[in-house]
Amino acid sequence: MIELFQFSWSPHCIVARRILEFSGHRFKITHIPNGDRAQIWKLTGGAYYAVPVIRDGQQVIFEMNEDSQVIAKYIDAKYTLGLFPAELEGVQSLLWRFIESNVEGVGFKLNDIHWKEFVPPADHLRFLRHKERKFGRGCIDQWRRLRPSLLEQLEAELLPFEEMLTYKPFLLDARPRFVDFDLYGMLGNFLFSGHYSLPKSRPRLREWHERMTQIKIPETKQAK
Ligand SMILES: N[C@@H](CCC(=O)N[C@@H](CS)C(=O)NCC(=O)O)C(=O)O
């Protein structure tokens, strides 16, 4: 059985988790404290400290660089999920770069505004220090002040996806492909605090999100 090492609000972990749920196969979740990656470090023989990581028997799988999708491709190949069809090569790579920069880059700030509600107190110091070392002192207060404009920015970043869903139930096709899960994960991080919903001006995206929350592989078999 695949074991997923994750923390709940991580956008990339939500991608991996939703793909595993979609596969319909049983899997195990192991929660890693955001601020303490010792278990990941040990598991990967000192090669990696980020999440997600998956373990499948003797194999430990993690990303090679910012743009690799090793975990999704591993699960896809193991369970024949059809998330990376050859005819969508390249298009998906371009899209996931956009999704993981433009959508994630705004969504995580909006979620982080509410960090004290979901980061366990024992991890507060490490969480804040990690953010401030990367984004500067007072960054989270600044994002709180910028909340209305960040929401506007996210709405604008989501317009191309709303357009893509005009004639299709999923972003590229009649069934979900990898980029659907990728967008779902980045939005899952934005929505994690429970303080937001998807913009009303993006009704097709809202319906897609409902579909993406429920869908399992057997339902997609007709739409190969
Ligand atoms: N490209 C990687 C990115 C993974 C990543 O950035 N994970 C974050 C959590 S969402 C992380 O663990 N970052 C390192 C850290 O927080 O120290 C993937 O798709 O898995």
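Where is the place of P52? In this predicted model, in which local features need pLDDT of at least 70, side-chain atom pairs count only at pLDDT 80 or more, and totals for chains, interfaces and linings use all residues, P52 is placed in the loop between α2 (38-43) and β3 (53-56). Residue numbers start from 1 along each chain, following its sequence as written. Helices (H or I, at least four residues) and strands (E, at least two) are DSSP runs, numbered from the N terminus. The peptide bond that leads from V51 to P52 is cis, and its omega is near 5 degrees.

Both V51 and P52 also belong to the set of residues around the ligand, together with S10, P11, H12, Y49, A50, E63 and E66. A residue is taken as near a molecule or strand if its C-beta atom, placed from the backbone, lies within 6 Å of it. Sorted by class, this shell holds 5 nonpolar, 2 polar and 2 charged residues. In this scheme Ala, Val, Leu, Ile, Met, Phe, Trp, Tyr, Cys and Pro are nonpolar, Asp, Glu, Lys and Arg are charged, and the others, Gly among them, are polar.

Turning to the overall layout, the chain is assigned domain 1 (2-79) and domain 2 (86-223), with bounds that come from an automatic or database domain assignment. A distance of 19 Å separates the C-alpha centres of domain 1 and domain 2. Across the boundary, 17 residues of domain 1 are in contact with 24 residues of domain 2, where contact requires C-beta atoms, placed from the backbone, to lie within 7 Å. Helix α1 (residues 11-23) supplies the largest share of the domain 1 side, 8 residues. That side of domain 1 divides into 8 nonpolar, 7 polar and 2 charged residues.

Helix packing comes next. Two packed helices are described by the angle between their axes and the distance between the axes. Axes are lines fitted to C-alpha atoms, for helices over the stretch in contact, and angles run from 0 to 180 degrees between N-to-C directions. For α1 and helix α3 (residues 70-79), the angle is about 5 degrees and the axes are 10 Å apart. The pair α1 and α3 is therefore roughly parallel; angles under 35 degrees count as such, over 145 as roughly antiparallel, 65 to 115 as roughly perpendicular and the rest as oblique. On the α1 side the contact is made by V15, A16, I19, L20 and S23, and on the α3 side by I71, A72, I75 and Y79. The contact of α1 with α3 comprises 8 nonpolar, 1 polar and no charged residues.

A second pair is formed by α4 and helix α9 (residues 178-191), which pack at about 10 degrees with axes 8 Å apart, so α4 is roughly parallel to α9. Residues of α4 that meet α9 include L95, W96 and F108, while M186 and F190 are among those taking part from α9. By class, the contact of α4 with α9 has 12 nonpolar, 4 polar and 3 charged residues.

Individual residues complete the picture. K109, in helix α4, is buried because 22 other C-beta atoms lie within 10 Å, the cut-offs being 20 or more for buried, 12 or fewer for exposed, and partly exposed in between, with C-beta atoms placed from the backbone. Not counting residues up to four places away in sequence, K109 touches W143 and L150. S101, found in helix α4 (residues 91-112), counts as partly exposed because it has 13 C-beta neighbours inside 10 Å. T80, in the loop between α3 and α4, has a positive phi near 50 degrees although it is a residue other than glycine.

Technical notes
Contact = placed C-beta atoms within 7 Å.
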